[in-house]
Amino acid sequence: MLLSEQCYKKIDRELAKYPADQRQSAVMAALAHAQVETGWLPPEVLQDVADYIGMPAIAVQEVATFYNMYNTKPVGKHKITVCTNLPCQLSGGDRAGKRLQEMLGIGYRETTADGKFTLIEGECMGACGDAPVMIVNNHRMCSFMTDEKIDALVEELNK
């Protein structure tokens with residue numbers, strides 16, 4: 001077992017939400033808990049989650065690689081996902097992404113040399129009216145991201 005006892009207890013709570021023959025329904029939540037603990041999902045953690053839930057490892061890997069909220073490669077301390085869907089693009093998403101790339105000195109799917117930031121392109125985040133939208137570390141949504149708000153966000157995360 002690669003995860004902490006506390007993490008397995010969290011996964012157990014997720015598993016309890018589903019009938020015994022539908023344990024695979026908890027895979028997304030299980031991966032999220034594992035990622036919070038480990039920072040990313042290396043192959044051995046994917047295998048461990050698969051074994052614990054009782055589903056094929058390839059099925060767990062398919063979930064982990066389909067959704068961009070799961071990190072199957074190491075990421076920086078702060079992962080910033082910029083919505084690049086059309087509504088955000090038309091409302092400043094492209095400008096916001098370029099601003100971050102210039103500030104951080106990296107492109108999409110790259111991590112700064114100091115390991116602080118990873119920049120990711122994201123699909124619709126369900127907040128088109130708040131565009132441009134970003135999500136920090138999969139948990140914090142930032143809306144209406146002007147240059148000033150982007151500057152303040154990076155400054156805050158740099159502390």
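**Aromatic pairs and helix packing in the predicted model**

Tyr 8 is buried, with a relative accessibility of 8% (buried means under 20% relative accessible area, exposed over 50% and partly exposed in between, with a 1.4 Å probe and protein chains only). The structure is a predicted model, in which local features need pLDDT of at least 70 and side-chain atom pairs count only at pLDDT 80 or more, while totals for chains, interfaces and linings use all residues. Residues are numbered from 1 along each chain as its sequence is written, and side-chain values use heavy atoms, with hydrogens and water left out.

Two packed helices are described by the angle between their axes and the distance between the axes. Helix α1 (residues 5–15) packs against helix α3 (residues 43–53) at an angle of about 45°, and the axes are 12 Å apart. Helices are DSSP runs of H or I with at least four residues, numbered from the N terminus; axes are lines fitted to C-alpha atoms over the stretch in contact, and angles run from 0 to 180 degrees between N-to-C directions. The arrangement of α1 and α3 is therefore oblique (under 35 degrees counts as roughly parallel, over 145 as roughly antiparallel, 65 to 115 as roughly perpendicular and the rest as oblique). On the α1 side, Tyr 8, Ile 11, Asp 12 and Leu 15 meet Asp 48, Tyr 52 and Ile 53 of α3, where contact means heavy atoms within 4.5 Å. By class, five nonpolar, no polar and two charged residues make up this contact of α1 with α3 (Ala, Val, Leu, Ile, Met, Phe, Trp, Tyr, Cys and Pro count as nonpolar, Asp, Glu, Lys and Arg as charged, and the others, Gly among them, as polar).

Rings of Phe, Tyr and Trp (its six-membered ring) pair if their centres lie within 6.5 Å; planes under 30 degrees apart count as stacked, over 60 as edge-to-face and the rest as tilted. By this rule, the count is three aromatic pairs. The rings of Tyr 8 and Tyr 52 form a tilted pair, with centres 4.8 Å apart and planes at 40°. This pair links distant parts of the chain, since Tyr 8 lies in helix α1 and Tyr 52 in helix α3, 44 residues apart. Tyr 52 is partly exposed, at 22% relative accessible area.

Phe 66 and Tyr 67 form an edge-to-face pair, at 4.8 Å centre to centre and 85° between the planes. Phe 66 is exposed at 64% relative accessibility, whereas Tyr 67 is partly exposed at 31%. Together with Tyr 70, Phe 66 and Tyr 67 form one aromatic cluster.

Conventions. Helix = DSSP H or I, 4+ residues; strand = E, 2+ residues; numbered from the N terminus.
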